[in-house]
Amino acid sequence: MLLSWMMMKLMDPAMDEATVKMLSEDYPDNPFLMVTVAEKLSPRAMMEAAMRAESGQELTRPLGSPLVMSPWDRVLLNPRQIFELPATDYTSIDTRTVIGPNAPRPLKLDIPIMITGMSYGGSLSLQMKVALAQGAAMAGTSTNTGESAVTREERDAAKYLIGQYHRGGMLSGNEQLSQLDAIEIQLGQGAWGGAVDEPTPADQIGEHLRQAWKLEKGQDATIYSRMPGKSTTQDYIKMVQSMKEQYDVPVGVKIAGSDYIEYELAVIAQTPADYIVIDGSEGGTANAMPTLQDNVGLPTFHTLVRTVDWLEQKGLRDRFSVIVAGGMTTPGHFLKALALGADAIYIGSIALMAAMHTQVTKTLPQAPPSQLALYSGKMNDKLDIDLAAKHLTNFLKSCTTEMQHAVQAVGKRAFKELDRSDLVCVDRDTAEFANIRYAGSHRQDRDQRQRKQTDEHDYHQPAHLQ
């Protein structure tokens, strides 16, 4: 008490002087000017300007852009109560999904929430990769190698492991590809603005990682903007064809969202791929530049709608499973993505936060929680793997149960039964774009609505398909 009193006495004159100055001086010599400057420039822009001024180097920002442009919160699910009845038992709601049902060995999952590609070394520590694999396995879903290699530790911990055949070449050859439950040809990533060079200097590569990536001592690693040795679109088509001929697990193609999405899909449609992964601009990563995260790409919501619409218009929807990624964080987001046409959802940043749970106290307040999860994190050795796996499993189970209740409310009996008729939107433009009902328009009599169904569909045809 005495110490507190003395501190207050010492601080009081300085606080009084600052308060008088802020209340009496004109702006040029008033500390309050920093408040209006921050309002104009934004605290984030000011801090990033200071970081750039200090280092003269490009910035790397973990976990993705703070800008969320997907209008998930403007879309709601439609409950049915009397004219059609809800399901009688929420526990009977079928949560399963299948990726690549036409493949000789389809990937069958208990839930449609999957752990996205976050690479060992390029993003996460080996401890966190194992925790994610264990947690996903206990929930009956898959994890993903990301732009790395298959490690014994992750393969042993995972029930279902998807591997990325990527532009860095660390995961290639039959020895690694034959260990996978699905192959994902990674040609772009939302948080990286598509496909750009991603170098990793040799001095940032530890011994275990160097061996996993099969590098010589002192050798740098690079994820290139193009697949090495591929110089034309036809080269990519032949690559997918070759992969399908060699392996009986589902083979997919991952691309970042773009306003050229229909052109990109037209290329994938020329391949025998089993599934497509679309990664919106709200996706996260360990170290992409803020400029790429905030200013390049297409939001996840728009990417998903346009992908599903194009596939349906071309009569190709049944050929490809669709996995959507990029900034989805809640059971509500997951449900709306399924209703818009996705077969499954990839999650990353929110999975990390769920896994770390109260272990973030090991880093806070001296350091951000990312130091517990990243490969470059100074405190990643303090992660309790089993505890992180348990908390991830709990998160996935909680999400699934809440989703079952919501599906029960809308009168469906399986997650895969959700469609756009289960959605309503409070924004007219978004409703028209996504071809779902606008909340501000009255419903017609059911018989009238059925008679006008074709006309209404034509009227609401999205502009990107006209």
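Predicted model: local features only at pLDDT ≥ 70, side-chain atom pairs only at ≥ 80, totals over all residues.
Buried here means under 20% relative accessible area, with exposed over 50% and partly exposed in between, for a 1.4 Å probe and protein chains only. Residues are numbered from 1 along each chain as its sequence is written, and side-chain values use heavy atoms, with hydrogens and water left out.

**Strands and sheets**

- Helices (H or I, at least four residues) and strands (E, at least two) are DSSP runs numbered from the N terminus, and two strands pair if DSSP finds at least two bridges between them.
- Strand β11 spans residues 275–279, and five of its five residues are buried.
- Strand β10 (residues 251–256) runs parallel to β11 and is joined to it by five bridges, with Gly252 having Tyr275 as its bridge partner in β11.
- Three strands form an open sheet in the order β1-β14-β15, with mixed pairing; its edge strands, β1 (75–77) and β15 (437–438), each pair on one side only.
- Within that sheet, β1 and β14 (residues 423–425) pair in the antiparallel sense over three bridges, and Val75 stands opposite Cys425 in β14.

**Salt bridges**

- The structure holds 25 salt bridges, a salt bridge being a side-chain nitrogen of Lys or Arg within 4 Å of a carboxyl oxygen of Asp or Glu.
- Arg80 and Asp422 meet through their side chains in a salt bridge (3.0 Å, N to O), which links distant parts of the chain, 342 residues apart: Arg80 lies in the loop between β1 and β2 (97–99), and Asp422 in the loop between α15 (385–409) and β14. Both Arg80 and Asp422 are buried.
- In the salt bridge of Glu147 with Arg167, the closest N and O atoms are 3.1 Å apart; this pair too links distant parts of the chain, with Glu147 in the loop between β5 (142–144) and α5 (152–157) and Arg167 in the loop between β6 (160–165) and α6 (174–177), 20 residues apart. Glu147 is buried, as is Arg167.
- The side chains of Arg96 and Asp94 also meet in a salt bridge (3.0 Å, N to O); Arg96 counts as exposed because its relative accessibility is 54%, whereas Asp94 counts as buried because its value is 18%.
- A network of salt bridges links Arg44, Glu48, Arg52, Arg61 and Asp294.

**Cysteines**

- The structure holds zero disulfides, a disulfide being a pair of cysteine sulfur atoms within 2.5 Å.
- Cys399 is buried, with a relative accessible area of 3%, and Cys425 counts as buried at 0% relative accessibility.

**Cavity**

- A cavity is a set of points, on a 1 Å grid over the protein atoms alone, where a 1.4 Å probe fits but cannot get out, and its lining residues have an atom within 4 Å of a point.
- The structure holds one cavity of 30 Å³ or more, and the largest cavity has a volume of about 30 Å³, where a volume is the space filled by probe spheres set on the points, which are joined across faces, edges and corners.
- Leu63, Leu352, Met356, Ser370, Ala373 and Leu374 line the largest cavity, and α13 (349–356) and α14 (370–373) each supply at least two residues of that lining.

Definitions and conventions
1 Å grid on protein atoms, 1.4 Å probe; cavity = no way out; pocket = protein on both sides within 12 Å on 5 of 7 lines; lining within 4 Å.
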